[in-house]
Structure formats: C-alpha cells, structure tokens
Amino acid sequence: MSDILSVRSLRKTYQSAGKTLTVLQDIDFTFDTGSTNAIIGPSGSGKTTLLGICAGLDRPTSGDVVLAGQELSRLSEDELAALRNRSVGFIFQNFQLMPSLTAVENVMVPLELRKDREARAKAMDLLDRVGLSDRSHHYPIQLSGGEQQRVALARAFSNQPTILFADEPTGNLDAETSDKVVQLLFGLNREVGTTLVLVTHNAELAAQTQRVIRIKGGRLV
Ligand code: ADP
C-alpha cells in the first residue's frame, strides 16, 4: 500500500511570554492510502495541533509532512489552499459552520467554483445522504449539535477528498447520533476509499480503526 500521509521529525513550538512552549516533538508516522486511523491521547497532548498541521491548516516549526504526494513545506499558501481544496476534508471540533448561511449553502462552500445550480444539487444530495434533506434551509442556530455535525460532514465530503480529518467527530453527540456519524464516516471509507484520520477520546471509536497512534506530552508513545 502507498502512503497518503507521512510525517517526519515533526516539531511545533509556540512563543508565549518570552518562553518557548514545545507542543509536539519527534513525531514520525505514516498512514496508508485508504486506511482508517485514530489519534488518541490526553487533553492538551497536542492532537488538534497535529491534525491541523497534517491537513495543511497550520505549519510545523520543523520537520516534514508529505500529504497526497506533496511535501507541504515546499508549497506556497496558495498551493497549499489548492491542495486542501482538491484532496482534503476537515471537520472541526466545534463544526465551524458559517452562521449566516443555511445548511445547504454551508455544504456548497467548497463547491464555489461550480455553477450555482450544479453545486446546489450536489449539496442537496450530500445533505440527503446525511439524513438532513428536510433541514436544508435551516441556519446553524436552528440545528441541533448532531445536525450541525452532519452538515459539517457533508461539507467536508463535498469535494470528495482523498483524506478526511475529523477532530472529535463524536464529541458532544448523544449515543444514537454518534453512531450515525461514525457509520457515515466508515461508509465513506468502505465505499470510495476515503482515508480517515480521527482525533478522538472515544475508545470504542478508536478500536474500530485499523491503526491507532497515541500522543502524550507532545510525543508519540
Ligand atoms: P489536544 O488536542 O490534545 O487537547 P492541543 O493540540 O489543542 O491538544 O494543544 C496542545 C498544547 O498546545 C496545549 O498546551 C495548548 O495550550 C497549546 N496551544 C495550542 N495552540 C496554541 C497557540 N496558538 N499558542 C500557544 N499555545 C497553544
């Protein structure tokens, strides 16, 4: 199997109040194309930071990330944005839906280059797949947490990413909604081979993935 993601000697530090805070160090791993993976570890261990760097949303202090065949450190911000738009889906911990857009308009955001009618039809189809076709004209504030999470999933999948990153995809969801979201994620992996990278506290969810990496205090353990 080929690697979709390869992380080498990754280090991330922040400067705060004149001090250097090392959040990640000596991180090395690879994930296979089409695999399902979990990143686990205590709160504050650096999982969200690692996910953002792997997805090209943030830059490491040193080390390399090779994502979908591209060495991210060699890419300009524009090239990085183009790669993300082409190959990467991301589900944020707090969903980050745009409050002024309806559910269907949120799902259409990554489809902005398409004709409006085509994008809307595709977004409606995606909402239907996450069981929300009857909520398409609701604004985020009118949706429950689980519904917002499913809109975020539909949006993350709208550009048919080869790799989908999700930060606590079942956090704050009741058991039933959590099951639905997990089924949707693993369905994407089975049906179209989307690689999954899930940051989670949910041991049951991590146990369902093929590979689990654990970080503690910014290092792999
Ligand atoms: P986790 O997702 O495992 O809870 P995070 O990656 O969110 O951990 O955070 C790891 C550490 O990095 C924490 O100590 C956090 O306070 C710190 N951190 C995250 N982002 C920043 C930032 N922008 N500036 C300074 N410190 C940060």
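Student: In which strand is the place of S9?
Tutor: This is a predicted model, in which local features need pLDDT of at least 70, side-chain atom pairs count only at pLDDT 80 or more, and totals for chains, interfaces and linings use all residues. Residues are numbered from 1 along each chain as its sequence is written. Helices (H or I, at least four residues) and strands (E, at least two) are DSSP runs, numbered from the N terminus. The run of residues 3-16 holds S9, and this is strand β1.

Student: Is S9 buried or exposed?
Tutor: A residue is buried if 20 or more other C-beta atoms lie within 10 Å of its own, exposed if 12 or fewer, and partly exposed in between, with C-beta atoms placed from the backbone. S9 has 12 C-beta neighbours inside 10 Å, so it counts as exposed.

Student: What is the phi of D26?
Tutor: Most residues other than glycine have a negative phi. D26, in strand β2 (residues 19-32), is not a glycine, yet its phi is positive. S9 is also a residue other than glycine with a positive phi, near 45 degrees. For D26 the value is about 50 degrees.

Student: Which residues does D64 contact, leaving aside its neighbours within four places in sequence?
Tutor: Two residues are in contact if their C-beta atoms, placed from the backbone, lie within 7 Å. D64 belongs to strand β4 (residues 62-67) and is partly exposed, with 15 C-beta neighbours inside 10 Å. Its C-alpha atom is separated by 5.2 Å from that of R8, 56 residues apart along the chain. Beyond four places in sequence, the contacts of D64 are R8, E71 and S73.

Student: Which residues touch the most other members of the largest nonpolar core?
Tutor: A nonpolar core is a set of buried Ala, Val, Leu, Ile, Met, Phe, Trp, Tyr and Cys residues joined through C-beta atoms within 7 Å. The largest one has 54 residues, and those touching the most other members are I39, C54, V107, L127, F165 and V197.

Student: Which helix gives the most to this core?
Tutor: In soluble globular proteins, nonpolar side chains tend to be buried together. The helix that gives the most to this core supplies six residues and spans residues 145-157, and it is α5.

Student: At what angle do α5 and α6 pack?
Tutor: Axes are lines fitted to C-alpha atoms, for helices over the stretch in contact, and angles run from 0 to 180 degrees between N-to-C directions. Angles under 35 degrees count as roughly parallel, over 145 as roughly antiparallel, 65 to 115 as roughly perpendicular and the rest as oblique. The axes of α5 and α6 (residues 175-192) are 10 Å apart, and the angle is about 10 degrees. That makes the pair roughly parallel, at the stated angle of about 10 degrees.

Student: Which residues of α6 meet α5?
Tutor: From α5 come G146, Q149, R150, L153 and F157.

Student: What is the radius of gyration of the protein chain?
Tutor: The chain has seven helices and 10 strands. The radius of gyration is taken over C-alpha atoms, and the globule rule is 2.2 Å times the number of residues to the power 0.38. For 221 residues the rule gives 17 Å, so the chain is as compact as a globular protein of that length, with a radius of gyration of 17 Å.
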